[in-house]
Amino acid sequence: MGTSRGLGLLRHLTVQCGCLLPQFSHSLIMRPDDANVAGNVHGGTILKMIEEAGAIISTRHCNSQNGERCVAALARVERTDFLSPMCIGEVAHVSAEITYASKHSVEVQVHVTSENILTGTKKLTNKATLWYVPLSLKNVDKVLEVPPVVYSRQEQEEEGRKRYEAQKLERMETKWRNGDIVQPVLNPGKPNTVSYSQSSLIHLVGPSDCTLHGFVHGGVTMKLMDEVAGIVAARHCKTNIVTASVDAINFHDKIRKGCVITISGRMTFTSNKSMEIEVLVDADPVVDNSQKRYRAASAFFTYVSLSQEGKPLPVPQLVPETEDEKKRFEEGKGRYLQMKAKRQGQTEPQA
């Protein structure tokens with residue numbers, strides 16, 4: 001499940017065994033093909049690194065006891081903020097820890113730190129929480145039970161159970177959107193409209209995208225989603241853009257080798273300095289006539305516009321035209337205000 005890098009890759013892998021909660025870490029140097037034209041590492045590249053670390057530690061844990069062998073599949077990524085940019089030549093240190101296990105799922109928390117190896121300066125760039133489920137190697141449609149983890153404090157298990165119930169409820173709430181379809185735009189509208197920047201990417205799933213068991217790595221899907229969201233944001237702003245955050249990514253169904261996937265992105269909301277882009281992933285099993293096209297994943301990405309000096313720029317305001325676009329704009333505004341209030345609450349001094 002590691003990245004397909006050359007022999008020149010700087011990498012360090014560590015697995016800490018014998019501890020209460022399993023941990024894993026690895027490091028790799030950022031290269032020009034990991035970054036945009038401004039030298040900032042793509043958000044999708046970082047998301048892929050995060051998912052690889054989560055997949056390794058959760059698969060190892062789920063196979064830590066005798067029993068039916070399995071592979072851990074990504075089910076959900078909680079909201080992820082990009083706290084600081086990472087640049088070409090810096091080393092990314094990725095550390096993962098299992099923080100909770102339910103009967104059929106594992107919660108993994110991942111931290112990413114960037115290091116300037118010339119100065120030794122280190123910065124926290126990302127924190128993410130991912131949920132995995134163990135799928136049997138004999139039958140990938142069968143979900144197995146997760147070996148228990150040992151908590152150092154009872155509060156850890158109670159807090160983890162609350163997070164598990166919250167994400168389970170949110171996953172159920174997103175299922176109603178699965179029927180929503182992004183229609184192709186034949187005649188793009190005027191600048192600043194939804195149709196002007198709407199973009200799609202079509203990708204044939206090959207062996208290099210997949211696990212040894214024939215379905216796509218979650219990190220590959222997230223990287224493609226970030227690419228499409230970035231194209232939408234760049235078309236709308238016509239400036240350098242970077243990923244600011246990713247709302248919860250829900251993986252609704254597995255994508256198998258040989259499928260043709262369509263990743264569609266559309267602008268849903270703009271504030272003065274940020275853009276929200278909805279990204280939907282649909283899979284078409286072209287080699288299997290018995291199965292119809294289905295929704296595989298969905299998420300909201302937030303981007304910001306930057307000047308050539310890396311300073312935030314005002315974002316051109318989106319002009320929703322149809323009733324559906326206006327409805328999505330108001331929904332996006334609600335998410336934006338909710339997150340803004342949450343951030344302000346976290347920064348206010350405690351009485």
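**Cysteines and annotated active-site residues**

The structure, a predicted model, holds 0 disulfides. Cysteine 62 takes part in none, as the nearest cysteine sulfur, belonging to cysteine 70, lies 4.8 Å away. For a disulfide, the two cysteine sulfur atoms would have to be within 2.5 Å. Cysteine 62 has a relative accessibility of 7% and therefore counts as buried. Cysteine 87, with a relative accessible area of 30%, is partly exposed.

According to an unreviewed UniProt entry, the annotation "active site" covers Asn36 and Asp226. These residues are spread over 191 residues of sequence, yet they cluster in space, with a largest C-alpha distance of 12.3 Å.

Asparagine 36 is located in the loop that runs between strand E2 (23–29) and helix H1 (43–62). Its relative accessibility is 17%, so asparagine 36 counts as buried, the threshold being under 20%. When residues up to four places away in sequence are set aside, asparagine 36 is in contact with His42, Asn240, Ile241 and Val242.

Aspartate 226, by contrast, is placed in helix H4, which comprises residues 218–237. Aspartate 226 is likewise buried, because its relative accessible area is 4%. With residues up to four places away in sequence again not counted, the contacts of aspartate 226 are His42, Gly43, Gly44, Thr243, Phe301 and Tyr303.

Notes. Residues are numbered from 1 along each chain as its sequence is written. This is a predicted model: local features need pLDDT of at least 70, side-chain atom pairs count only at pLDDT 80 or more; totals for chains, interfaces and linings use all residues. Side-chain values use heavy atoms; hydrogens and water are left out. UniProt positions are given in the numbering used here, feature names are shortened, and annotations may be inferred rather than shown by experiment. Helices (H or I, at least four residues) and strands (E, at least two) are DSSP runs, numbered from the N terminus. Buried means under 20% relative accessible area, exposed over 50%, partly exposed in between (1.4 Å probe, protein chains only). Contact means heavy atoms within 4.5 Å.
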